[in-house]
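Please look over the structure below before reading the notes that accompany it.

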Amino acid sequence: MSQRQIIQVFEQYQKSRFQFVQTVSDLALRPQNIEILQNAGVMSLLRCLMLDVVPSIQQTAALALGRLADHSDDLAEAVVKEGILPQLVQSLALKNRFYKKAAAFVLRSVAKHSPELSQEVVASGGVDALVLCLEEFDPGVKEAAAWALGYIARHNASLSQSVVDAGAVPLLVLCLLEPEIALKRIAASTLSDISKHTPELAQTVVDAGAIAHLAQMILNPDAKLKRQVFSALSQISKHSVSLAEMVIEADIFPAAVACLKDPDDYVRKNVTTLMREVVKHTPELSQVIVNCGGMATVIDYLGECRGNLRLPGIMMLGYVAAHSENLAMAVILSKGVPQLALCLSEEHEHHIKAAIAWSIGQIGHHTPEHAKAVASSDLLVKLLELYMDASSSEDLQAKSKKALKSILQKCTYLPGLEPLLYDVPSNILKYVVCQFSKVLPNDSKARRLFVTSGGLKKVQEIDAEPGSPLQEYINAINSCFPEEIVRYYSPGYSEVLLKRLENYQPA
Amino acid sequence: MAEQLKIKSEVEEFKKEYFYRNSGAMTKAIKISEAQLNLRHIEPTTKATYFQAEENRQRDYQAANRIQSWFRASKVRAYLSHLHKKAIIIQRIWRGFTARARFRQMVKAAYFIMKMNFYEAMAVRIQQRWRGFFVRKHIHNYYARKSYLEGLSKKNELVRMELAELEELQKRERHCVEMVKEQTAKVYQAHRLHHLLSTKQCPGVFNSPFRPAPHEMEILLRQVKYQAPTRLDPRGRACLMGMLGPTAPSFPGTLGSPWIKTTGTCCSSKPILPPISSKKQQGLFRKPGEVWEQRMLCPDLTLRLQTSYTHLEEAQNQLQHKYIRLPTGNIRNRKYAPPSEAQQQFLYSASLRQEL
């Protein structure tokens, strides 16, 4: 055979290898093919092809492997078991940028399934190799490496710590400055995943100067980037007061409020999450956000969105109102209470309702003014319904009861309290009657209203053990009214009168 | 009567005395001794008294003892009582003195306490007023709170209004961008379908004689200027060439080439450059308008080079081939020819780097 024919044999072999690898990677895009591929033993074949001489075959084999591992847990475990990881990691340091991208993709798809698999990736030295990739010029390689690091750091604090120990954070902050939007997104998302676990990790991210860069990117028009930026800022600020103050000092606030009108839902949700994490620490931080008009915007946002997206906004209102009565009054003035009432009637999930009940409790429990504002939106009745409803979860019942109790102890708005006299369990009734007994002795108009609206009648019908506080309150109420009226309204008075009639002899 | 009784008792007394005197053992002893001593020659009266005295000696002795002891006792008693009285006097005076001193002290203390209570009561009044004033003025300032809450409502209103405006603006911009996109797509279509333009002889597809007026596509077709397809992205051509006259100005702030995907902002006021893709290289002879734009703007500075790594070698290779292909070898006699592709690239990149 001539030289040409021999070389042709090799070329044919190479072509067929390439075709195989190409087809496998295309098939791996569809989930239904993957089982079949797995049963056919594709893993070991791909592993051998990754050691191939031709670079394009190596790269395509790595890509195919990444797609397979991406799909399911067992395949990712198979990747680990076959011992592919060490050779991937070694070749990460040596090969060209396409291979690096594909290898980083494989590492990412292995690490995303569970903490144990991520631990395997870390144990085979993957983190250091990925950090080396972060120093490359090519933005695609950096993006793949940052994404893989993000998936590793997402699972738990020790994995994040190993990512940070490999020196990834300064490089990620540099990636934030690159012009490619995709790279910025991934870097922000990775920083967010790193800083979400513990305050020390968040502090490391802050020390690398991430906050200033993240703050600059708030005005970027790209929606997905803004999502990640706000998520990162909220994960940083949630841990402690000093971190939250550092985030505020970056002057994001008047600008972030404008992002609440962004068309993308998740951008708005993440902005509200950031506000909630900042607000929950101290009254001064809440004051900053309230003063720049954040409260009004969040309340409008609550009116526009539905479902789980409302949760951070509701909790933010609760946290702000919890700090002091000034701030609670600010919430009321910004029309927060009608909005919360609307949310309560529209939402059906129990955890959201529980959050609303808690927020209402925080708003209403400060002074009689606040309690009046809550009571005049008929929220007391709704809270009572939530408490009495047997299908409410325990958490919801507990929160609505607590809210109801704390508001009732300050409520002097009698028209709001009246509906609560009917069909109420005795532990709540005690508070209601107590409030009546405090207000009625001093206000004659209220007494008149109490009689005409049937409240006195209802109070007489209440059955209380003598000597209990409830009985004392009832006595206190009865002593505000003349004897005859009390007797008139007491139950069974008509029978008493009729009996007297029977015994009466006309003279 | 009383005297009689008295005399009778005296008689009785005498009798008793007589009996006692004479019946005692002494009397007998005296009588015996008298007999022995032959004391008969002594007078009977002295004898009698001597016997009496002997008999009464013990008694008298005891009586005398008694009297003396009583007397002495009374003397001592008198002395003791005198002493007691004097001691009492001294003690009385002393106690009075100390009590008065103590009382004086108590009065002073009570006076002092009374004064202090008064001062404290006054001080409490002052402190009450001051604390009330201070708290109402600085800590729980009602008017500050009221004005804060009013200001907050106003600020909320303002923010709501501004954000509503912002949202409106953004919506309009997005709408505007979409419209521009649609329009350029139409213009591109018109450019591709230029051959469907109606002629004098034959009305085109979009200009059916049964229609009252020509279709908008027909109008577009009439406006689009036909150009031979070049290496450039045809959409780019269509934009630069096709967007004439009334199609463009209806959109405020039309953008240069908005349909090509950008990495930067899409709503800026500056025209955006076509992206520098890594596959093709920049040539020198672009349309003057494009070059002028690129020259006027500041490109993004990154670490990446805008030319390929091997362009120099390639350029040199091409140059060599060019020279080899020419029939007449003399460089001086060579007719002027515009620079070749590779030369163009080299010159352009060199000019960008400002080496020429």
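## Basis of the model

This is a predicted model, in which local features need pLDDT of at least 70 and side-chain atom pairs count only at pLDDT 80 or more, while totals for chains, interfaces and linings use all residues. Residues are numbered from 1 along each chain as its sequence is written, chains are lettered from A and ligands numbered from 1 in the order in which they are written, and side-chain values use heavy atoms, with hydrogens and water left out.

## A negative patch on chain A

On the surface, A:E35, A:D73, A:D74, A:E77, A:E116 and A:E120 gather in a patch of negative charge (residues with over 30% relative accessible area and no salt bridge, like charges being joined within 9 Å and nonpolar side chains within 5 Å). Two elements of chain A, helix 5 (73-81) and helix 8 (115-123), each give two or more residues to this patch, and helix 5 gives the most, with three residues.

A:E35 belongs to helix 2 (residues 31-39) of chain A, and A:E35 counts as exposed because its relative accessibility is 54% (exposed means over 50%, buried under 20%, with a 1.4 Å probe and protein chains only).

## A nonpolar patch on chain B

A nonpolar surface patch is formed by B:F112, B:I113, B:M116, B:F118 and B:Y119, which together have about 520 Å² of accessible area. One of these residues, B:F118, lies in helix 3 (residues 44-139) of chain B.

## A buried arginine

A:R276 sits in helix 19 (residues 265-279) of chain A and counts as buried, because its relative accessibility is 16%. The A:R276 side chain makes a polar contact with the side chain of A:E277 at 3.0 Å (a pair of N or O atoms within 3.5 Å, one able to donate a hydrogen and the other to accept it, where residues adjacent in sequence count only if both atoms are side-chain atoms).

Notes:
Accessible areas come from the Shrake-Rupley method with a 1.4 Å probe; for residues, only the protein chains shown count as cover. A salt bridge is a side-chain nitrogen of Lys or Arg within 4 Å of a carboxyl oxygen of Asp or Glu. Lys and Arg count as positive and Asp and Glu as negative; His and the chain ends are not counted. The place of a charge is taken as NZ of Lys, CZ of Arg, CG of Asp or CD of Glu. Helices (H or I, at least four residues) and strands (E, at least two) are DSSP runs, numbered from the N terminus.
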